[in-house]
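I opened a new notebook page for this structure.

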Amino acid sequence: MNGARIHGIVLSGVGGQGVLSMAQIVLEALRRSGFHALQSEIHGMSQRGGSVHAQVCYADQPISSPLIDDGCADLLIALEPLEALRYVPMLRISGHLVVAEDPIADMEGYPPLEDVHAALRAVRGSHLLDTEALARKLAHKQAGGMALLGMASRFLPVAESLWQDVIAQRFAAKGEKVTAKNLEAFEAGRNLIGEGVGA
Amino acid sequence: MTQHTLALGVEAAAQAAFDAGIKGAFGYPGTPSTEGFEYAEALVKQDAGGGRVAHWAANEKVAYDLALGMSYAGHRSLVTMKHVGLNVAMDAYANSALTGVQGGLVLLVADDPGMHSSQNEQDSRRLAEFAWLPCLEPSTVQEAYDFTWRAFELSEALQVPVMLRLVTRLAHCRAPFQRREVLAPTGVGLTPKARVQDWVLIPSNARRRYVDLLAKQPRLREAAAAMNRIVPGTGRRGVALAGLGRAYFGQLVLEHPELAALPRLEVAAYPVQPELEQAFLGQVDEVLVFEEDYPVLEERLGLRGRARVRGRLDGAVPRTGELSPRILKDALGLATPEGKAAASLELPVRAPRFCEGCGHVDAYEAIQEALRNVGAPEARVFGDIGCYTLAAQEPLAAIHAVVEMGASISMAVGASLAGQTPSVAVIGDSTFAHSGLPALLTAAEAKANVTVVVLDNRVVGMTGQQPSQALDQVERLVLGLGIPEADLQTLTPLPSRHADNVAAMEAALRHAGPSVVVFRRECIQSLRRGVLKEHDREAREHAACSSCTPEVTR
């Protein structure tokens with residue numbers, strides 16, 4: 001088999017965490033980097049505090065499938081640890097996972113958090129982020145999502161300046177202060193993972 | 001002017017309708033169709049002074065008739081709905097096949113295979129076939145745009161409404177697409193006098209128009225023929241592809257170039273011409289069919305009896321649910337990659353649930369306590385479609401039947417006529433406007449012993465807080481339908497009002513005959529977003545204006 005290589009990213013979390021919004025940033029960054037890219041998302045009931053996930057595919061040539069097959073994703077970005085575990089089987093053996101440690105555990109049967117964290121650490125290529133600690137450090141309650149994106153950016157073929165452009169554009173309507181806070185969170189996340197890791 | 005735009009599939013279709021010069025867009029919210037209307041609405045707003053309109057309707061049938069009236073008046077129109085919404089609009093849709101159209105009319109219907117947010121996974125292609133009307137089925141966001149243009153051109157050329165069928169994965173797939181030049185909504189002029197009788201479906205005209213519709217079928221097939229094709233290959237094993245089946249297969253060919261050698265039949269438009277099916281079946285001994293939802297193409301090919309046809313009917317593809325790349329790979333015998341191992345932890349389902357502080361929860365708690373107080377803790381409660389359907393789940397488990405829009409009231413009446421006491425219906429304000437009104441009229445007329453609870457959160461909550469058509473009018477509607485004022489109560493679902501609400505609900509349950517309880521508190525999501533701020537400000541100013549009759553607000 002010498003077919004084209006199509007890259008896949010899975011984003012997951014809980015309704016209201018901003019999964020779809022992050023997927024749109026990733027889509028835009030890849031598109032502006034010259035890739036053919038598309039994004040798939042599920043709306044509806046999932047907006048009411050249920051699991052939410054989105055997928056972004058990209059390649060050098062035009063693509064048409066909105067869905068990534070199990071075992072074919074290169075990167076999983078998870079805003080919630082249990083929602084990360086759900087999608088681990090979508091990752092290639094060589095795939096990477098960036099995940100927030102802080103749970104949204106307002107449900108029955110949520111496994112003990114240390115078990116969830118242990119299971120995530122056992123996944124090769126996983127990078128956990130203590131989003132709460134980072135938010136405290138940056139004095140920015142919402143820093144976690146952008147920091148995760150910063151970590152994830154190490155595994156995506158997008159120039160750092162382009163990420164900054166896309167993020168700045170995304171938050172432009174909310175003013176300079178909000179934009180600066182988000183760029184700061186992105187950088188903090190990006191610096192947590194060494195350069196060249198994703199190459 | 002050509003440019004790249006990034007949007008969802010259902011939005012690309014709306015953009016195309018705008019660019020193709022629609023005068024109006026109409027619809028009723030329903031996942032995954034909602035964003036289509038909203039996109040058209042936003043375009044119309046930006047185009048202030050352009051003479052275009054966009055209106056949500058009380059239900060899908062009303063929306064369809066609005067579009068049909070606009071067509072009669074000589075203008076292009078778009079009407080959007082989800083698949084089960086087409087059931088509601090079916091009377092209008094099927095009969096508009098006989099009247100035909102004047103201005104182009106495109107029905108954008110979004111199916112939901114896999115039932116992500118729906119009560120069934122019916123296939124709208126069957127309804128197009130049933131109505132003898134054309135259906136175009138895009139497989140990519142660009143096609144969603146291009147096919148919508150095509151649909152308007154076909155609608156006017158063939159003088160019939162044209163269905164554009166999307167499915168969830170395409171409706172909610174975001175990708176770039178190329179646009180065409182924008183046409184102004186100039187129109188083609190009012191239905192001429194000579195054609196007026198075509199629109200009057202009394203039997204003598206309808207018989208003639210049905211013959212005309214059947215006579216158009218070869219032209220419909222010709223129009224579809226331009227969009228369907230055979231891609232020849234080698235070997236006697238082939239694939240037949242429609243909708244997302246085309247999209248998934250097309251991408252698999254990129255990854256597995258050897259698949260390009262398979263002979264394939266690609267279907268993008270219906271009705272499919274039999275000659276094409278025959279020609280394809282002549283090239284293969286076995287064909288795998290990949291289409292989204294019902295085995296429509298599969299059955300047609302199977303009936304020809306010329307090759308072994310495989311798909312949903314023989315289990316090569318799962319009988320229910322949506323397609324996926326994995327389903328295609330398995331059916332084609334392709335190796336599937338080994339991914340990372342799943343964690344050995346048990347992962348509980350994270351089900352959707354009521355928002356923190358939602359008034360529906362307070363209302364249900366009052367209803368349940370009142371039922372216990374009147375000695376009917378096990379009473380079966382008829383529910384309806386909306387956020388409040390979430391109460392069917394534990395821990396509330398407060399509703400025990402949910403079928404289709406508006407069913408709660410009529411089912412409660414039916415059960416009461418069978419002797420069930422108490423018979424309680426729970427319905428949202430928008431669903432009440434959608435199809436609860438005739439049901440409540442019947443309840444009042446039959447003096448049925450039912451308690452109808454209207455959960456009025458002032459918006460269509462589930463689909464994104466669109467304004468409800470019954471906004472600020474529920475009580476007036478209830479009274480107008482024949483419910484006596486003494487048997488109507490309005491309550492505020494708040495924990496602090498719980499005791500009063502239980503008492504009022506109890507009184508309604510004990511009342512012999514129809515009674516209505518309205519629980520009103522705005523959806524906390526719309527409140528947070530300020531959706532009704534402008535509306536409420538205008539209403540206050542209006543009420544304060546001495547030259548106007550004050551609004552009746554209760």
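**Between the chains.** Which strand of chain B do 2 bridges join to β2(A), and do the two run parallel or antiparallel? I found strand β8 (residues 173–178) of chain B, and the two run antiparallel. Gln39(A) has Arg174(B) as its bridge partner in β8(B). Strands count as paired if DSSP finds at least two bridges between them. Helices (H or I, at least four residues) and strands (E, at least two) are DSSP runs, numbered from the N terminus.

**Ground rules.** I noted that this is a predicted model: local features need pLDDT of at least 70, side-chain atom pairs count only at pLDDT 80 or more, and totals for chains, interfaces and linings use all residues. Residues are numbered from 1 along each chain as its sequence is written, while chains are lettered from A and ligands numbered from 1 in the order in which they are written.

**The interface.** I looked up the contacts next (C-beta atoms, placed from the backbone, within 7 Å). On chain A, 49 residues are in contact with 43 residues of chain B. Elements giving two or more residues to chain A's side include α1, β2 (36–41) and α2 (81–85) of chain A. That side has 25 nonpolar, 15 polar and 9 charged residues. Here Ala, Val, Leu, Ile, Met, Phe, Trp, Tyr, Cys and Pro count as nonpolar, Asp, Glu, Lys and Arg as charged, and the others, Gly among them, as polar.

**Chain A strands.** I checked β5 (residues 91–100) and β6 (residues 126–129) of chain A: they pair in the parallel sense over 4 bridges. Val99(A) stands opposite Leu128(A) in β6(A).

**Chain B sheet.** I traced an open sheet of 7 strands in chain B, in the order β3-β2-β4-β5-β7-β6-β12, with mixed pairing. Within chain B, strands β6 (residues 135–136) and β7 (residues 162–167) run parallel, joined by 2 bridges. Leu136(B) has Leu164(B) as its bridge partner in β7(B).

**The core.** Where does Leu164(B) turn up again? I found Leu164(B) among the residues that touch the most other members of the largest nonpolar core, which has 172 residues. Such a core is a set of buried Ala, Val, Leu, Ile, Met, Phe, Trp, Tyr and Cys residues joined through C-beta atoms within 7 Å. Buried means 20 or more other C-beta atoms within 10 Å of a residue's own, with C-beta atoms placed from the backbone. Helix α1 (residues 19–32) of chain A gives the most to this core, with 9 residues.

How values were computed
A residue is buried if 20 or more other C-beta atoms lie within 10 Å of its own, exposed if 12 or fewer, and partly exposed in between; C-beta atoms are placed from the backbone. Two residues are in contact if their C-beta atoms, placed from the backbone, lie within 7 Å.
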